[in-house]
Amino acid sequence: MPAIGYVTREGRSFKGQLRTLSIRAEIEIAPNPRKTSDTHPDYRVTSSGVEVGAGWLRRSEASGNDYVSLTLAAPEFGPRRLYANLGRAAGQDDEDSFAIIWNPAD
């Protein structure tokens, strides 16, 4: 799957850029301070102070590793949501660098 952005871990948050053919936006994926239930997202995704998505901690059944599953929505994306995961991109060796890997819903 193609990477649609890259972020770097900064403490408990991730900061970087969402990049598609038509969008270039700085984003932050930060812990959700209002999480009071297992169904609430673990992370909030913002761009320029505007919330554009959420993230949930998940565990891979195949590897047993934890990852963050993202759902992004904004008028610029059209009527559909974007689904993505934070993961390692090919050639990434830095433990604090992650790719936003697009996960088409189709």
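This is a predicted model: local features need pLDDT of at least 70, side-chain atom pairs count only at pLDDT 80 or more; totals for chains, interfaces and linings use all residues.
The fold is a barrel closed by 8 strands, arranged in the order 1-2-3-4-5-6-7-8 with antiparallel pairing. From one strand to the next, the twist averages 25°. In general, the strands of a sheet pair through backbone hydrogen bonds, in either a parallel or an antiparallel sense. Strand 1, which spans residues 3-10, pairs with strand 8, residues 97-102, in the antiparallel sense over 4 bridges. Within strand 8, Ile101 is the residue that stands opposite Ala3.

The largest nonpolar core contains 21 residues. Those that touch the most other members are Val7, Ile29, Leu70, Leu86 and Ile100. At least two residues of this core come from each of the following: strand 1, strand 2 (13-19), strand 3 (24-31), strand 4 (43-47), strand 6 (66-72), strand 7 (82-87) and strand 8.

Leaving aside neighbours within four places in sequence, Val7 is in contact with Ile29, Leu86 and Ile100, among others. The contacts of Val7 also include Phe14, Lys15, Gly16 and Gln17, as well as Ile27. Asp96, Ser97 and Phe98 likewise touch Val7.

Is Ser13 buried or exposed? Ser13 counts as buried because its relative accessibility is 12%, and the limit for a buried residue is under 20%. When residues up to four places away in sequence are not counted, Ser13 touches Thr8 together with Glu28, Ile29, Ala30 and Pro31.

Technical notes. Residues are numbered from 1 along each chain as its sequence is written. Side-chain values use heavy atoms; hydrogens and water are left out. Two strands pair if DSSP finds at least two bridges between them. Axes are lines fitted to C-alpha atoms, for helices over the stretch in contact, and angles run from 0 to 180 degrees between N-to-C directions. A nonpolar core is a set of buried Ala, Val, Leu, Ile, Met, Phe, Trp, Tyr and Cys residues joined through side-chain atoms within 4.5 Å. Buried means under 20% relative accessible area, exposed over 50%, partly exposed in between (1.4 Å probe, protein chains only). Contact means heavy atoms within 4.5 Å.
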